Amino acid sequence: MDFNDTPEEAAFRAEVRTFLDSVATRKSDPQDSWDKNVKSETEAVEIAKKWQRTLHDNGWACLHWPKEYGGRAASQIERVIWDQEESQYLVPKGFFMIGLGMAGPTIMTYGNDEQKKKYLPSLASSEKIWCQLFSEPVAGSDLAGIRTKSEKDGDDWIINGQKIWTSGAHYSDWGILVTRSDPTVAKHKGLTYFVVDMKSPGVEVRPIKQITGGSGFNEVFFTDVRIPDNQRLGAVGDGWNVALTTLMNERVAVGERKGGDVLELIELAKNVNINGKPAIEDGAVRNKLAKWYCEFSGLKFTRFRSISAMSRGEVPGAENSIGKLVGAAKSQDMAEFAMMLMDRAGMINDKEIAPFAGMFQQTFMQSPSGRIAGGTDEVLRNVVAERVLGLPQEPRADKGMPYNEIPTGTMK
Amino acid sequence: MNFEFSDNQKLLKDQANKFLADKCPLTEVRKILESDEPYHKELWNEVVNMGWTAAVIPEEYDGLGLGYLELCMIAEEVGSSLAPIPFSSSVYLATEALLLSGTIEQKEHYLPKLAAGELIGTLADAEGYGSISPEGFAVTFKDGKLNGEKMPVIDGDIADFAVVAANGDKGTSLYLVDLSDASISKEVLSTLDPTRSQARLTFSDTPAQLLGKDGAGAADLEKVFDNAAVLFAFEQIGAAEAALDAAKDYAMNRYAFGRSIASFQALKHKMADMFVALELARSNCYYGAWALSTGDAELPIAAATARVSATKAMYQCAKENIQIHGGMGFTWEFDCHFFYRRSKLLADNLGSQALWEEKLISRVVASTAA
């Protein structure tokens with residue numbers, strides 16, 4: 001038992017470092033961020049595309065893709081090593097995640113030769129950014145319940161409906177889209193999957209204002225949008241299986257969560273007082289810190305177990321399913337507790353005066369999303385119960401029912 | 001990265017599992033629970049024959065010279081089976097105290113006999129209700145004699161010798177005491193988990209010999225506890241997993257409102273939470289195992305982290321196993337109460353959760369100050 005790289009891993013890590021050193025700036029401080037001097041999103045996208053182009057020209061753009069599509073056929077552990085190393089440099093991340101990570105592999109699986117030729121090279125070379133058009137106001141956890149309609153019209157399809165929670169829709173070139181092509185059959189059966197040009201007439205992107213005041217994602221409205229049939233991925237009515245392929249390519253997340261963990265909370269507790277003495281000396285505070293330290297440590301070493309599995313060439317085991325479930329709730333509760341330690345001033349989020357430049361206040365407002373996005377706490381518990389523990393599903397009220405006969409509520 | 005037990009270590013665990021499934025099903029635990037027998041002597045003899053009591057004892061003292069990772073694998077299975085034997089007292093406490101602090105003569109005397117199961121050892125520190133203060137034991141040592149009372153002493157009625165923490169001329173020290181000495185009065189105590197017996201030991205001018213440096217008892221005790229904490233934690237996650245499995249099996253096969261109760265989200269989420277607690281604890285136990293086996297400087301933090309999270313996980317799994325069984329879980333006839341009893345025994349036997357949480361935070365704060 002050890003935490004060391006295998007010789008092959010060490011060699012790969014060295015190769016990655018040598019490359020990154022030659023093209024990027026290493027962070028002098030871990031908190032340093034590539035975009036701190038970036039003035040606009042347009043500028044950020046430009047920088048991201050330029051960086052992706054650099055990666056592409058040097059053969060590092062799509063590590064996990066097969067070599068025939070311009071990738072390196074990297075193993076999971078090599079991707080982890082890449083991420084670990086890349087995170088130490090001032091380089092943009094995230095813009096190409098949907099395209100390279102999810103759209104690409106789906107096209108490789110379901111696309112015909114013409115489609116592969118059309119989409120994959122421009123994806124790899126950074127010319128095109130992709131977004132994911134799956135969730136709808138009425139269909140989140142129950143994704144197969146989407147409504148957005150696709151109707152065949154000659155060689156085209158006409159799309160009408162609304163998608164939501166679409167990150168990057170406003171700067172994306174292409175989207176992967178799941179639609180309902182047949183409402184008269186059971187909900188999983190009547191779906192069809194497309195690639196859509198985000199600049200098509202009838203596509204309207206509206207940013208969603210979040211409780212933080214920021215806008216990280218969008219609503220996307222489709223009004224009589226025409227998509228040529230040659231942009232369909234998979235058979236008509238087989239969209240659910242295509243979508244599952246996309247979702248299965250979501251990254252195995254082994255990165256650390258940001259936003260203040262227990263060590264920062266301990267620092268805070270040393271520097272604020274309760275009843276005239278440092279909060280860190282208070283028994284109730286120490287009790288909470290012990291709980292969060294155990295979770296912090298448990299998650300860290302759970303990641304190490306997952307990474308070790310990948311190092312052996314295995315798929316991470318059941319343990320990997322608990323990261324977000326534990327981490328997101330912990331972030332929220334720690335932020336709330338940190339603000340409590342600050343007492344009356346806890347509400348003041350002025351970066352100039354708040355401890356850690358207002359990190360805990362920011363986390364307090366941001367953290368509800370962590371418990372919802374990418375599977376709510378409740379869905380994740382079902383996932384653990386069903387896929388890990390093997391417990392049965394709840395009976396479904398809409399099982400086998402034609403989609404257009406499924407009861408709907410009045411809430412969006 | 002290779003943060004995992006090796007195939008050979010897993011094989012050992014698998015063998016231990018099969019052995020205990022055969023020799024120590026819960027019906028055997030019940031026998032001890034329902035009788036006046038303090039422990040399962042046949043099982044203990046079998047365990048000795050397997051070499052488990054000799055695991056980490058070096059070969060020069062007739063041990064097997066295995067590593068702590070191997071012992072962790074055995075501990076997890078011992079925990080899982082709820083084995084009614086003095087394994088933790090003799091192996092994690094008495095043997096560890098001798099390995100850490102014994103002189104060559106003491107090791108030569110005790111370790112081969114511990115390895116061969118000829119001696120059962122235990123550790124006596126507690127002195128009544130409330131947590132111990134390592135700086136102030138009421139039991140005293142003077143002129144080679146111990147005086148005072150230790151209560152409770154786990155396996156104190158069956159152990160052949162004890163490592164006793166007492167107040168000597170130079171402060172807290174550890175002493176080796178032959179429990180067959182006529183000066184000792186032993187009283188078996190009523191306990192919530194009768195599968196592991198507990199006793200009151202009263203020393204009256206009882207001969208004892210120093211173990212470790214005179215006056216270094218508090219520090220030595222802390223080291224023994226840190227090593228033992230990792231091993232206890234493996235017992236705890238073993239038992240926690242067994243309780244979760246029992247809950248799952250029952251829920252899958254119990255029907256209400258026309259369906260398996262395991263399909264109700266209220267129970268699925270409860271079991272998911274049990275799994276989450278167990279996996280966090282398991283990962284922390286691996287960390288503890290790594291630190292223990294390498295003797296890393298992080299051991300004090302790793303041991304406390306493993307200990308606290310395994311204690312929580314086992315309690316959660318044990319109590320929710322009863323809950324998921326409903327009324328049946330409250331009956332003597334079902335086995336749920338075995339896990340519930342043992343969860344409290346393992347939680348408090350090495351010092352309570354509150355004590356370990358305090359140790360953990362003290363150590364983490366100290367490490368962040370550096």
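Predicted model: local features only at pLDDT ≥ 70, side-chain atom pairs only at ≥ 80, totals over all residues.

User: Which domains does the assignment of chain A give?

Analyst: Domain bounds come from an automatic or database domain assignment. For chain A, that gives domain 1 (7-95), domain 2 (130-248) and domain 3 (262-374). The C-alpha centres of domain 1 and domain 3 of chain A lie 28 Å apart.

User: How many residues of domain 1 of chain A are in contact with domain 3 of chain A?

Analyst: Two residues are in contact if their C-beta atoms, placed from the backbone, lie within 7 Å. In chain A, 5 residues of domain 1 contact 4 residues of domain 3. Helix H3 (residues 76-86) of chain A gives the largest share of the domain 1 side, 3 residues. Helices here are DSSP runs (H or I, at least four residues), numbered from the N terminus.

User: What is that side of domain 1 of chain A by class?

Analyst: Ala, Val, Leu, Ile, Met, Phe, Trp, Tyr, Cys and Pro count as nonpolar, Asp, Glu, Lys and Arg as charged, and the others, Gly among them, as polar. The domain 1 side has 2 nonpolar, 2 polar and 1 charged residues.

User: How is chain B divided?

Analyst: Chain B has domain 1 (122-215) and domain 2 (218-369). Their contact takes 12 residues from domain 1 of chain B and 11 residues from domain 2 of chain B.

User: How do I read two packed helices?

Analyst: Use the angle between their axes and the distance between the axes. Axes are lines fitted to C-alpha atoms, for helices over the stretch in contact, and angles run from 0 to 180 degrees between N-to-C directions. In chain B, the axes of H4 (residues 68-81) and H8 (residues 265-294) come within 8 Å and cross at roughly 140 degrees. That makes H4(B) oblique to H8(B). Angles under 35 degrees count as roughly parallel, over 145 as roughly antiparallel, 65 to 115 as roughly perpendicular and the rest as oblique.

User: Which residues make the contact of H4(B) and H8(B)?

Analyst: H4(B) supplies B:Tyr68, B:Leu69 and B:Cys72, and H8(B) supplies B:Ala289, B:Leu292 and B:Ser293. By class, that is 5 nonpolar, 1 polar and no charged residues.

User: Why is B:Gln15 partly exposed?

Analyst: B:Gln15 has 14 other C-beta atoms within 10 Å. A residue is buried at 20 or more, exposed at 12 or fewer, and partly exposed in between, with C-beta atoms placed from the backbone. B:Gln15 sits in helix H1 (residues 7-23) of chain B.

Key. Residues numbered from 1 in each chain as written. Chains lettered and ligands numbered in written order. Helix = DSSP H or I, 4+ residues; strand = E, 2+ residues; numbered from the N terminus.
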